Protein chains: 2
Amino acid sequence: MSSSTEIRSVPESYPMNTGDAAYINAKSSDFKKEAQKESMNVAKVMIDDAIAEKLDVKKFSFTSKSTFRIADLGCSAGPNTFHVMQNIIDAVQHKYQSQGLTSHTPEFQVFFNDIPSNNFNTLFTTLPPERPYFAAGVPGSFHGRLFPESSLHFVHSFYALQLLSEVPKELLNKNSPAWNKGRISYTCAQDEVAHAYAAQFAEDMATFFDARAKELAVDGIMVLIMPAIPNVGQSSAHGLMSDCLGSSLMDMAKEGLISEEQVDLFNLPFYITSPKEMKEIVERNGCFRIEKMKIQNPRSGIDAPISGQSCMMQRRAGLEGMISKHFGAEIVDDLFYRFSKKIDEVSDLLESQFQAGTQLSIVLKRI
Amino acid sequence: MSSSTEIRSVPESYPMNTGDAAYINAKSSDFKKEAQKESMNVAKVMIDDAIAEKLDVKKFSFTSKSTFRIADLGCSAGPNTFHVMQNIIDAVQHKYQSQGLTSHTPEFQVFFNDIPSNNFNTLFTTLPPERPYFAAGVPGSFHGRLFPESSLHFVHSFYALQLLSEVPKELLNKNSPAWNKGRISYTCAQDEVAHAYAAQFAEDMATFFDARAKELAVDGIMVLIMPAIPNVGQSSAHGLMSDCLGSSLMDMAKEGLISEEQVDLFNLPFYITSPKEMKEIVERNGCFRIEKMKIQNPRSGIDAPISGQSCMMQRRAGLEGMISKHFGAEIVDDLFYRFSKKIDEVSDLLESQFQAGTQLSIVLKRI
């Protein structure tokens, strides 16, 4: 940044549940906690291994007054982010010990990032009172610069990159071939819709990797955990769930409870990528080496079969705010009841799609 | 910090208006903005001069990837903190230019600090959209460590250091000689009360300077703006206002609107220092050189005489939350009406005490 350059904040198009009524927040938070526990366990192994095998602490050449800086991008209001940050610091400290560098262990500073409408007040008042790091909150979209050049040593992001900076504009244009009539996502839609989504994701990822390439110090590690499908275009658990939600909305439109036009104008601002697609995006950026990449079943530690009820709770936690804003809060209970019934009908298919993998973990090194 | 040391957060004893009802916040914010404008103008000249004359940017030996880090301690929820941070950065950038070092101008990162119950959500959603710095919020008490070692280059604090970490305990003990019966502060109280306040302030300042000595890089600058009295023990505008508030409370107690015991148990967690006392505290710490120290009249640019109404608005903005919590919200209107009448009666005396100086500015360099 030259001294005259302004750092522009990226507008936030999709405040999630964070800005909505307190009761939604409270519920979402519990639902999310439960739903994310298994996903986090699967990710923890990947992060521990990445630090043990790929983080070369000697490369940072810390002096006695240096700081190891960690950022969690899209951290939400906690408490999951606190567990993950603690795990990362434990693993880094262990690395210093195992290399006989205990006396060189730096101080840690953790930056909790999310969009400005995230509930930072809750995040800050629930910080663990005894923590081995200095805490800071960083408001802003990760589709742009958030930190000074080369100032970070470890970047983490958990289930945040699927969120697009905006719904592709052509989806809302009745005269466009990508006009997404009667659907809320790109699965089972015409090719133009899927292309518009993929293009938006590619553009968002380009700005994401450009920003991180500037912010992460050389040899720094970035671990991205995100929903994914095994292969581009393949039918997936994520797509199936979006289709169930979309078809529930269309059922309600046919019954006159909402208008069809409302459904036409509603599109989920999510894109679920594949390992191949992410590999291409990383290579296009050119500043990172892929150290590890793995697609897994985040439910692998769970014995119970998939239930409409549990899927409903997870989806509702993430989408209630957005749906209330577009369709009105009065339809939410009915909609998610219909959704859970549809999920129950396809639970076998959903189970097999989970088996194929829905969670992508990528370990990258800044080169 | 060794790798095994936990960073303990300091408990916050006195949430001010920040955690109270929204209407209080909204009002306080307007009152404060108005009241602080003149104080800030007086301080700005001091800060500009400090950067022009005392900040030696060559000493930091920044590389092209370095960051100039600024902290505002006790920033509140804005917008004053944004103006001050912008002014500091303008002055530092100008310094680089004036020394022919424009191409070496680093990136800026600003840390907005206040206690965790401060309204960081408001702070973050009202950040200037175009700003020449990366922003972060740091929740925690400045009576303890908040930042990694030697990580800051400029520290600023405006009207925050007068706030004690806690009311001296002996004031609340009926059997102590410092039992503060019928008063809410140490002015006009017995010596033991004043000593207890002074001792608490000295202890708080010791932890403050110890923490800042670790956090500020050598040759870094710290500018502290705080309320003050010209000499220790001298009668002052701040003391007179506290006495007017205390005597309004005692009038209400005599009329049976509140109990005398409630007044006995209420003590303002503020201590107003003097230049001499601050000089001794800085010298005791030993890590800072006083570059400039000045006591001024923050009302020097104001033509209008002091009015009970304007004093009332300023004090109410700062104290309403605390008073409501202790005495109940129903007494607040009556109390501040009485207070404003008393201020009108002593406005000539108050004016002369303002002339003697009530605002202390100190410029310190980390040595």
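Which residue forms a salt bridge with B:K181? The partner is B:D264, and the closest N and O atoms of the pair are 2.9 Å apart. A salt bridge here is a side-chain nitrogen of Lys or Arg within 4 Å of a carboxyl oxygen of Asp or Glu. B:K181 sits in the loop between strand 6 (152-158) and helix 4 (191-215) of chain B, while B:D264 belongs to helix 6 (residues 260-264) of chain B, so the contact ties together parts 83 residues apart in sequence. Helices (H or I, at least four residues) and strands (E, at least two) are DSSP runs, numbered from the N terminus. B:D264 is buried, at 3% relative accessibility; buried means under 20% relative accessible area, exposed over 50%, and partly exposed in between (1.4 Å probe, protein chains only).

Before going further, a word on the conventions. This is a predicted model, in which local features need pLDDT of at least 70 and side-chain atom pairs count only at pLDDT 80 or more, whereas totals for chains, interfaces and linings use all residues. Residues are numbered from 1 along each chain as its sequence is written, chains are lettered from A and ligands numbered from 1 in the order in which they are written, and side-chain values use heavy atoms, with hydrogens and water left out.

Let us step back to the two chains. Chain B is superposed on chain A by a rotation of 180° with 0.0 Å of shift along its axis, at an RMSD of 0.0 Å. The two copies are thus related as by a two-fold rotation axis. Within chain B, B:G137 comes closest to the axis, at 2.4 Å (C-alpha). Of the interface residues of chain B, 98% are also interface residues in chain A, so the copies meet through the same surface.

Back to the charges: the count comes to 40 salt bridges over all chains. One of them joins A:K292 and A:E53, with the closest N and O atoms 3.2 Å apart. A:K292 is partly exposed at 22%, and A:E53 is partly exposed at 49%. Another salt bridge, between A:E215 and A:R145, has an N to O distance of 3.5 Å. Here A:E215 is buried at 0% relative accessibility, whereas A:R145 is partly exposed at 23%. Salt bridges that share partners also join A:E107, B:R145, B:R212 and B:E215 into one network.

Now for some helix packing. In chain A, helix 5 (residues 237-254) and helix 10 (residues 347-355) pack at an angle of about 150°, with their axes 8 Å apart. That makes the two helices roughly antiparallel, a label for angles over 145 degrees. Axes are lines fitted to C-alpha atoms, for helices over the stretch in contact, and angles run from 0 to 180 degrees between N-to-C directions. Residues in this contact (heavy atoms within 4.5 Å) include A:L240 of helix 5 and A:F354 of helix 10 of chain A.

Finally, look at a backbone detail. A:S76 has a positive phi of about 65° although it is not a glycine, and lies in the loop between strand 2 (67-73) and helix 2 (80-98) of chain A.

How values were computed
Least-squares fit on C-alpha atoms with pLDDT ≥ 70 in both. Parallel < 35°, antiparallel > 145°, perpendicular 65-115°, else oblique.
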